[in-house]
Amino acid sequence: MTCLPLKHKASADEERQLPIVHVLSGFLGAGKTTFLKAWLEFLNSRERFTGVIQNEFGEVDLDSLCLKGETQVEAIDEGCVCCSLADSLRPGLLRLMQTTPAEQFILETTGVADPGNVITSLTALNDIVTPGLVITLVDSYDLVTHPLQWDDCHRQQIEAADILIASKADAVEESQLKELIKKL
């Protein structure tokens, strides 16, 4: 039996499709918001509309002001979603899901967040979302010029990543970049 267009009845599994939440992490100044803007432009141009949750550590939410436009942004301010604001994630996601009919969301963490803790929080929300990829931006210039600054926070972000993106790669020599990539 063939299914006519618009006559398809979704199965229970298909109806249970929950939005995916990808985690975008990276240390302070790695270029998360710049990358996020480019990623959203790419997705929006292909009609893959995506909501964003931004976790700002300071009191001024400059990043979400820069991202407003075609993208719905929910800001979770004044703390880190991986620890002190984990309880704010559910209501923030629910508000965003009510206003954005998106199949996926991107959670941009603070520069000091531990993505492993964020994934644990998202896993606890498996009744409303499906955890997606952890994408971590590493500042090539910073890690090449200050190799001793690979602290626990850097390591946690790198180790939790499904995808690593070397930002500011044009600011280092090719041989330095190759060595950094090998180390990563």
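Student: What percentage of the residues of the protein chain count as buried?

Tutor: This is a predicted model, and of the 184 residues in its protein chain, 42% count as buried. To count as buried, a residue must have under 20% relative accessible area.

Student: How many helices and strands are there, and in what order do the elements run?

Tutor: The protein chain holds eight helices and six strands, and starting from the N terminus the elements follow the order α-β-α-β-α-β-α-β-α-β-α-α-β-α.

Student: Why is β1 said to be largely enclosed by the rest of the structure?

Tutor: Buried residues have under 20% relative accessible area, and six of the seven residues of β1 are buried, so the strand is largely enclosed by the rest of the structure.

Student: How do you know that β1 pairs with β5, and in which sense do they run?

Tutor: Two strands pair if there are at least two bridges between them. Six bridges join β1, residues 20-26, to β5, residues 130-139, and these strands run parallel, so by that cut-off they pair. Within this pairing Ser25 stands opposite Thr136, and Leu24 stands opposite Ile135.

Student: Which strand is joined to β1 by five bridges?

Tutor: That strand is β4, residues 104-108, which runs parallel to β1, and there the bridge partner of Leu24 is Glu108. As for β5, five bridges pair it in the parallel sense with β6, residues 163-167, where Ile163 stands opposite Ile135.

Student: What makes a group of residues a nonpolar core, and which residues have the most contacts inside the largest one?

Tutor: The residues of such a core must be buried, of nonpolar kinds such as Val and Leu, and joined through side-chain atoms within 4.5 Å. The largest core has 15 residues, and those with the most contacts inside it are Val21, Leu89, Leu93, Leu122, Leu125 and Val129. Two or more residues come from each of β1, α4, β4 and α5, with α4 giving the largest share, three residues. Apart from this core lies another, of 11 residues, among them Leu24, Trp39, Val73 and Ile106.

Student: How do you know that Leu125 is in contact with Leu89?

Tutor: Contact means heavy atoms within 4.5 Å, and, leaving aside neighbours within four places in sequence, Leu125 is in contact with Leu89, Arg90 and Leu93.

Key:
Residues are numbered from 1 along each chain as its sequence is written. This is a predicted model: local features need pLDDT of at least 70, side-chain atom pairs count only at pLDDT 80 or more; totals for chains, interfaces and linings use all residues. Side-chain values use heavy atoms; hydrogens and water are left out. Helices (H or I, at least four residues) and strands (E, at least two) are DSSP runs, numbered from the N terminus. Buried means under 20% relative accessible area, exposed over 50%, partly exposed in between (1.4 Å probe, protein chains only).
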